[in-house]
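Trainee: Please take me on a close look at the charged side chains in this one. I'd like to hear where they sit and what they pair with.

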Amino acid sequence: MIIGYMRNFNRPNILAKLTSLVAKAKGMEILYFRADDVNMDKKTINGFIFTGSEWHRMETKIPKIIDVSQFCLVYPKVVRYLEKHSYLTVSFKNRISKEMLQYKLLEDEDFKRYVIPSASCSSPFKIKEFLSLYKDVVIKPTRSQRGVGVYRVFINDKGSITIGHNKIEQEISFEELENFYNEKLTEKKHVIQKYITSRTPQGDPFDCRIHMEKNGKGEWVVAKKYIRIGIGQQVISNVNQGGGVAEARVFLKANYPNSAKKMLKELNQLGLKLATKMEQLREVEIPTVGFDIGIDRDGSFYVFEANGAPDTSRLRGEVAMYRTDYYKYLIKNKI
């Protein structure tokens, strides 16, 4: 059976090739395609099939199941058309912003202790309000990927304001805060949060990415947990801008030796509960999600955000295995 695999890359990437090879071993073919490859008049897709050594063009009817990246939702006309003919692994239904996720978790007794104090960053006065409460805050777009456009704003020892972005710090006065807001934060909606001191002994920001996937039973599993360290960065652990990655077990044993085992178990449980909660909130099944968890100095966990299209570069093998098993589940239960 052919499984559609919709992405935005011009050519299939390494994960697409690996997924295709694993799928073949399980009796399925992967049809890689982009939005432009969909012919709505002919009701066909002119995509790519991996034949064992290279990718070849192939035009075929629209597959009954299509694995769609969340990034493809920028083509709503095509995605909504495909929804009429196939089961898609993503949906426009009840999408949740970073700000809304915090509010929803705060309403749940099981999750409220993991919630970071947050609000809509609707004006420079909101920044001043949060600084008066917490002294140190983070401002980020409500919808973003790879940590783009994230600022740390805090009151420094001089009583003025320091703004950190990537690896750069800038000092401004309270009077200049309005200019910062107008220049940097008005084009997109932003959320402001209390800054959580999730930093290594060397002072570099870090977080724990919990990458969740569905298995062959349609159940959530923790595909991988790893620590992302933003070496030399001011705000977040964005390894795309310079940093490193550590295996969660090794990192926690080195930095929290007395509680590492308990923390690892809680991270597993938190990932499973959060993934289930996300589906409940959205009222739709999803195939994957990544959670970024901050760890305070005392070992407390905080949910930074959820990512509907988490980076797969550090666990391609795991993703290919779980995802192809999930395809077989979908064939049995969704067609």
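**Charged side chains, in and out**

Mentor: Let's start with Lys253, which lies in helix 6; helices here are DSSP runs of H or I with at least four residues, strands are E runs of at least two, and both are numbered from the N terminus. Keep in mind that this is a predicted model, where local features need pLDDT of at least 70, side-chain atom pairs count only at pLDDT 80 or more, and totals for chains, interfaces and linings use all residues. Residues are numbered from 1 along each chain as its sequence is written, and side-chain values use heavy atoms, with hydrogens and water left out.

Lys253 counts as exposed because its relative accessibility is 51% (exposed is over 50%, buried under 20%, partly exposed in between, with a 1.4 Å probe and protein chains only). Together with Arg249, Lys261 and Lys265, Lys253 makes a patch of positive charge on the surface. Helix 6 (248–255) and helix 7 (260–282) are the elements giving two or more residues to it. A patch takes residues with over 30% relative accessible area and no salt bridge, joining like charges within 9 Å and nonpolar side chains (Val, Leu, Ile, Met, Phe, Trp, Tyr) within 5 Å.

Now for a lysine at the other end of the scale. Lys214 sits in strand 14 (residues 206–214) and counts as buried because its relative accessibility is 2%. Its side chain has a 2.8 Å polar contact with that of Glu279; such a contact is a pair of N or O atoms within 3.5 Å, where within protein one must be able to donate a hydrogen and the other to accept it, and residues adjacent in sequence count only if both atoms are side-chain atoms.

On to the salt bridges, meaning a side-chain nitrogen of Lys or Arg within 4 Å of a carboxyl oxygen of Asp or Glu. The count comes to 22. In one of them, Arg209 and Asp292 meet at 2.6 Å, N to O. That pair links strand 14 to strand 17 (residues 288–295), 83 residues apart, and both partners are buried.

Lys334 and Glu285 also pair up, with their closest N and O atoms 2.8 Å apart. Lys334 is in helix 8 (residues 316–334) and Glu285 in the loop between helix 7 and strand 17, so parts 49 residues apart in sequence are tied together. Lys334 is partly exposed at 31%, and Glu285 is partly exposed at 26%.

Finally, Arg7, Asp67, Glu213 and Arg323 are linked in a salt-bridge network.

Conventions: Accessible areas come from the Shrake-Rupley method with a 1.4 Å probe; for residues, only the protein chains shown count as cover. Lys and Arg count as positive and Asp and Glu as negative; His and the chain ends are not counted. The place of a charge is taken as NZ of Lys, CZ of Arg, CG of Asp or CD of Glu.
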